[in-house]
Amino acid sequence: MEPAPLTPAQERTLALLRRSDEPLVFDEPFIDELLRTATVEIAALSARLQGEKLWVSKGFLAKVHGCEVRHLAPDDFAWKPSTAAGFVAHKAIELSLNWRGEPHPSVVVDEAMARLLDQADARGGYVAGLSDGDWAELRSRAIDRTTKFLQDFPPLPVAAQPVLEASARWSPPGTIELSGKVDLQVGRPTGRESRLLIIDFKSGGRSPHHRDDLRFYALMQTLRHAVPPRKLVTYYLDYADSDVEDVTEGMLQAALHRTLEGIARHVELTVEGREPVKRVGTACRWCPLQEQCAEGRAFLHGDDTEHVDP
Ligand code: SF4
């Protein structure tokens, strides 16, 4: 069957994602130095943790660089249809890549939900325990995301080795481990040439945190493989639009600095007894401490005169 012609939205995104004719190869001494600095600095931070095991993720860094009071609050995360729609849609998209015939969004989402039901983990448990209403809402949200992806994102050739929900870890000597997961990784390694494309899908609008999330993932890939990815893409499903950033030495250095700084703040707060700093911002909207926090409530009611959004 002839492939369908690309839509203008698909053409536009494809043009942004294409590799240039010039192969991108990072300077080997720069990568060696980045790895050496990361290993040495993280070992020193590990020693300050006094044996505590610490998993550093993009969410951890966003929290510790935001409001430190909230960072220290117990983790209150629980899946909801609005947050679970992402992993259901990713499963559906994964199935659609190898689907026989044309993958219809509602059909692949139903198949994805049926498969998740059997999964022996927190996601499977959440899907298995849904009420009829939440099931319907989750299905509807996942179909919306899957439809937007299948209609507006350029088709992914299997030869480009796309991996949905690609996870990565980096564990240097000590008790600190870096870990992360991106929505989509495309490309295969070829020697020292940077070919990997890292893509996160977002519902809703742009936020500076989105670039930080992807830069952290680029750093981890570099520390693991000694070959950085070539491009980072945040794809906004509602807008069929992308924020694209080329990976550079400066970006990797900035990502390492932000990671080390975030871990150091956590050590100061949890082991060394520094008082946490309250920082209001959009995260106040979802903060479990909002009821007891006058500054957060004032910010949300548009009465913030003392604080800035970090
Ligand atoms: S409401 Fe805002 S300022 Fe207050 S603790 Fe939560 S995140 Fe921090």
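Reply: A residue is called buried when its relative accessible area is under 20%, exposed when over 50%, and partly exposed in between. The model discussed here is predicted.

Me: Is Ala-240 buried or exposed, and in which loop does Ala-240 lie?

Reply: The relative accessibility of Ala-240 is 10%. Because the limit for burial is under 20%, Ala-240 counts as buried. Its place in the chain is the loop between β5 (231–236) and β6 (241–246).

Me: What is the phi of Ala-240?

Reply: Most residues other than glycine have a negative phi. Ala-240 is a residue other than glycine, yet its phi has a positive value, near 50°.

Me: How many helices and strands does the protein have?

Reply: The secondary structure of the protein consists of helices and strands. The count comes to 11 helices and six strands.

Me: What is the radius of gyration of the protein, and what does the globule rule give for 310 residues?

Reply: Along the principal axes, the C-alpha trace spans about 65 × 55 × 40 Å. The protein is as compact as a globular protein of its length, because its radius of gyration of 21 Å is close to the value from the globule rule for 310 residues, 19 Å.

Me: How are helix α2 and helix α9 oriented, roughly parallel or roughly perpendicular?

Reply: Helix α2 (residues 28–48) packs against helix α9 (residues 208–225) with their axes 10 Å apart and at an angle of about 100°. Since angles of 65 to 115 degrees count in this class, α2 and α9 are roughly perpendicular.

Me: Which residues make the contact of α2 with α9?

Reply: By class, this contact has six nonpolar, one polar and no charged residues. From α9 come Leu-219, Thr-222 and Leu-223, and from α2 come Ile-31, Leu-34, Leu-35 and Ala-38.

Me: Which residues does His-210 contact, leaving aside neighbours within four places in sequence?

Reply: His-210 lies in helix α9. Its relative accessible area is 13%, so His-210 is buried. With those neighbours left aside, its contacts are Lys-202, Gly-205, Thr-234 and Tyr-236.

Me: What distance separates the C-alpha atoms of Ala-112 and Ala-89?

Reply: Ala-112 is part of helix α6 (residues 105–117) and counts as buried at 0% relative accessibility. Not counting residues up to four places away in sequence, Ala-112 touches Val-88, Lys-91, Ala-92 and Leu-95. Ala-112 and Ala-89 are 23 residues apart along the chain, and their C-alpha atoms are separated by 7.8 Å.

Me: Which residues surround the ligand?

Reply: By class, the shell around the ligand has six nonpolar, one polar and three charged residues. The surrounding residues are Cys-67, Val-69, Arg-70, Lys-278, Arg-279, Val-280, Cys-284, Cys-287, Cys-293 and Gly-296.

Definitions and conventions:
Residues are numbered from 1 along each chain as its sequence is written. This is a predicted model: local features need pLDDT of at least 70, side-chain atom pairs count only at pLDDT 80 or more; totals for chains, interfaces and linings use all residues. Side-chain values use heavy atoms; hydrogens and water are left out. A residue is near a molecule or strand if one of its heavy atoms lies within 4 Å of it. Ala, Val, Leu, Ile, Met, Phe, Trp, Tyr, Cys and Pro count as nonpolar, Asp, Glu, Lys and Arg as charged, and the others, Gly among them, as polar. Axes are lines fitted to C-alpha atoms, for helices over the stretch in contact, and angles run from 0 to 180 degrees between N-to-C directions. Helices (H or I, at least four residues) and strands (E, at least two) are DSSP runs, numbered from the N terminus. Angles under 35 degrees count as roughly parallel, over 145 as roughly antiparallel, 65 to 115 as roughly perpendicular and the rest as oblique. Contact means heavy atoms within 4.5 Å. The radius of gyration is taken over C-alpha atoms; the globule rule is 2.2 Å times the number of residues to the power 0.38. Buried means under 20% relative accessible area, exposed over 50%, partly exposed in between (1.4 Å probe, protein chains only).
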